[in-house]
Amino acid sequence: MERPLEATKMENSTSSCFFMERKTRVKANRKEIVLAKLRKSFSCTPRKLKNFAMDFFPVLRWLPKYQCKEYIWGDVMSGLVIGIILVPQAIAYSLLAGLKPIYSLYTSFFANIIYFLMGTSRHVSVGIFSLISLMVGQVSNTTVFNLTTEGMNAECGKECYAIGIATALTFVAGVYQVLMGVFRLGFVSMYLSESVLDGFATGASLTILTAQVKYLIGIKIPRSQGHGMLVITWINIFRNISQANICDIITSAICIVVLVTAKELGDRYKHKLKFPLPTELVVIVVATLVSHYGNLNEVYSSSVSGAIPTGFIAPKVPRFDLMIRVAVDALPLAVVSFVFTVSLSEMCAKKYAYTIRANQEMFAVGFCNIIPSFFHSFATSAALAKTLVKTSTGCQTQVSGVISAMVVLLVLLFLAPLFYSLQKCVLACIIIVSLRGALRKFRDVPARYHVNKVDTAVWVVTMSASALISTEIGLLVGIVFSMLCIIVRTQQPRTALLGQIQDTNFYEDDLEYENLSSVPKVKIFRFEAPLYYANRNYFLKSLYRLTDLDPNLEAVRRKKYEKKEKQHLKKGNQPTVNGLGSRDTTLQLVPKQIDFQALVVDCSSIPFLDTTGVNTLKEILKDYKELNISILLASIYPNTMDLSSWTHNGLNSGLQSPVHSIIQDMLLRNSHYLQTSKMYKILCNVICLPRHLDCMGLVTQLATSEENSLPQIALKTIFSKITSWIHLCYWNYYILISY
């Protein structure tokens, strides 16, 4: 079935016109399209299998083309640096997850290997991430607490049960991510704006900071459960502040000063350094040696990491009953993990001029969670700090990830027991210093506020909800609030009456700019949002308010005026100039004087209309037409609605013409109208002799004069009126010729 041809008339400023004809489109058979796609999807050929394998494992495409001489040095250097940074961070972030350090090392090892095989980004560093570790720790703690209150007996100790919950959570989150990749739901990341992500990261950073304070000062308080963890934790800290460990406080102060100083110097002189200083590793080595030879655990009761086993624990399938319990909590974890990974991948791809595939990234992150969950690992994501270090140390491909995994493997097999005496307060210091970037977002609030107040409100709400309630609910609150802000901005958008910039064809808001000239007898209204069912009433109210005219009220007022005039005429009163009797001048109802004859609606900022929006335009066209006011629609997009339907609805005036063209055309027509009206008045003056003779005035003069002077007065009066009429005809004829 073919679509009927449509022709649209276009006018430009010179009043010349031309026609645009829509293309003929053949309606496609949906059944045939679906069958063709199914045949293509389920067909199996050697070439298709090869392409599928290369798409699913991108390493098969780029590894054979690897330029060893050019890339190997940068990949090895960045891999070694990231591995050195990764080991202390993995041990430290185990505190956030509430798990043993060995599980963090497992996570870092497997994540780097799997992403090397399946990832499409060349520079992203995937592994443990502070926010993800915090979310895993919160879910694990809450679930363990609930199971304990229900009276369930754990198969082993509390820590063993916690890793079981973490692996089940990780497996379910990975399944969610793979399913999102299968159904191509990568667009979900678009609903997490920059303000939501920044607010979420800052709020979670406050939660992480709060959770590490007890390790900084060496007190033992129960880990808070449920919502409001930040407030409850600080209350418990101040209640138990007298139990602080002096050794931990001194160690924390020294470590923070050293770490912050080294970070600041590294940021200042990073252009002179070939690779960042391994400050965390140096601090951990020195602190471990001091703790071991100073017997800080035995003498000062300082809390240490304890025994870290070597090698790998036998793989184990995550428990299905725990998967059901954490199925809801795994959803925000899956979304956050994917969003951070894709955001960093796109940032690196844009910087180094290559492309990534968002759905393949979802597969890669999903399998980075599914496969390691069988090996006692928890959820992973791309990490901003390690990614920036990776790019700054000459990384070229994901071969650097394999080098980092080898460094972690070396620690797992041989070096892990050496960290037995490492104090937990040192790990807490490493975590807190790593939060500098997120906490610095508070300094950007004034600048953010001046740029966009709504985005600042989204940031504040998301940050507050993430810190004061919980990270998962904070993320949900941020998404919902940002969507509500968009809805509110479309429901109550900016509206304006436009004035002309002098000596130009441009029009702007006359309330925002000075020295704008108004067009005589014309008002130009602009509505800066889609016109649909939710903002229809606001559109009408704004139009009536800015034009100072409600056509419905004015129509009712005029009907009352006509009705009152008819009543006086029936009573026999002679109408006065105002249309009412002289005795009832106090009851007169005069219609409002309208200061414009045409209304131009600038539709250039209206991207789409629904049925309610079209009916609204038809309604104002009808209402203003009753008041003899013309409605013109300017700059309507061709795809807003079929032009044939616009013409059918009587809304075809200036549809696609810009505002200045409509105004020029209107002024031209108005000048012709004024000349025609003047000529009409001149002809009336020439033709209407009785009006100039003023017969009523003649009769009045005759009635008040004496009898003997009646003929003389009558002749003089008639002669005077005829002379003035001839004189008027002469001048009107002269003016008529000049036109």
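The axes of helix H8 (residues 194–217) and helix H18 (residues 424–433) come within 8 Å and cross at roughly 155 degrees. The model is a predicted one. Angles over 145 degrees count as roughly antiparallel, and H8 and H18 are therefore roughly antiparallel to each other. Their crossing is left-handed. On the H8 side the contact is made by Ile208, Leu209, Gln212, Tyr215 and Leu216. H18 contributes Lys424, Cys425, Ala428, Cys429, Ile431 and Ile432. Sorted by class, the residues in this contact of H8 with H18 are nine nonpolar, one polar and one charged.

H8 also packs against helix H22 (residues 471–491), with axes that come within 10 Å and cross at roughly 155 degrees. H8 is therefore roughly antiparallel to H22. The crossing of H8 and H22 is right-handed. In this contact Val196, Phe200 and Ala204 of H8 meet Thr471, Leu475, Gly478, Ile479 and Ser482 of H22. The contact of H8 with H22 holds five nonpolar and three polar residues, and no charged ones.

Another pair is formed by helix H10 (residues 246–268) and helix H11 (residues 279–294), whose axes come within 10 Å and cross at roughly 160 degrees. H10 and H11 are therefore roughly antiparallel to each other. H10 passes H11 in a right-handed crossing. From H10, the residues in contact are Cys255, Val258, Leu259, Ala262 and Lys263. From H11, they are Thr279, Glu280 and Val283. The contact of H10 with H11 is made up of five nonpolar, one polar and two charged residues.

The table sets out the axis values for these pairs.

| Helix pair | Axes come within | Crossing angle |
|---|---|---|
| H8 and H18 | 8 Å | roughly 155 degrees |
| H8 and H22 | 10 Å | roughly 155 degrees |
| H10 and H11 | 10 Å | roughly 160 degrees |

A search of the whole structure finds two cavities of 30 Å³ or more. The largest cavity holds about 110 Å³ of space. Its lining consists of Leu95, Leu96, Ala211, Gln212, Lys214, Tyr215, Ile221, Pro222, Arg223, Ser224, Met229 and Thr233. Helix H4 (68–97), H8 and helix H9 (229–239) are the elements that each give two or more residues to this lining. H8 supplies the largest share of the lining, with four residues. By class, the lining of the largest cavity has seven nonpolar, three polar and two charged residues.

Methods:
Residues are numbered from 1 along each chain as its sequence is written. This is a predicted model: local features need pLDDT of at least 70, side-chain atom pairs count only at pLDDT 80 or more; totals for chains, interfaces and linings use all residues. Side-chain values use heavy atoms; hydrogens and water are left out. Axes are lines fitted to C-alpha atoms, for helices over the stretch in contact, and angles run from 0 to 180 degrees between N-to-C directions. Angles under 35 degrees count as roughly parallel, over 145 as roughly antiparallel, 65 to 115 as roughly perpendicular and the rest as oblique. A crossing is left-handed if the near helix is turned anticlockwise from the far one by less than a right angle, and right-handed if clockwise. Contact means heavy atoms within 4.5 Å. Ala, Val, Leu, Ile, Met, Phe, Trp, Tyr, Cys and Pro count as nonpolar, Asp, Glu, Lys and Arg as charged, and the others, Gly among them, as polar. On a 1 Å grid over the protein atoms alone, a cavity is a set of points where a 1.4 Å probe fits but cannot get out, and a pocket is an open set with protein on both sides within 12 Å along at least five of seven lines; lining residues have an atom within 4 Å of a point. Grid points are joined across faces, edges and corners, and a volume is the space filled by probe spheres set on the points.
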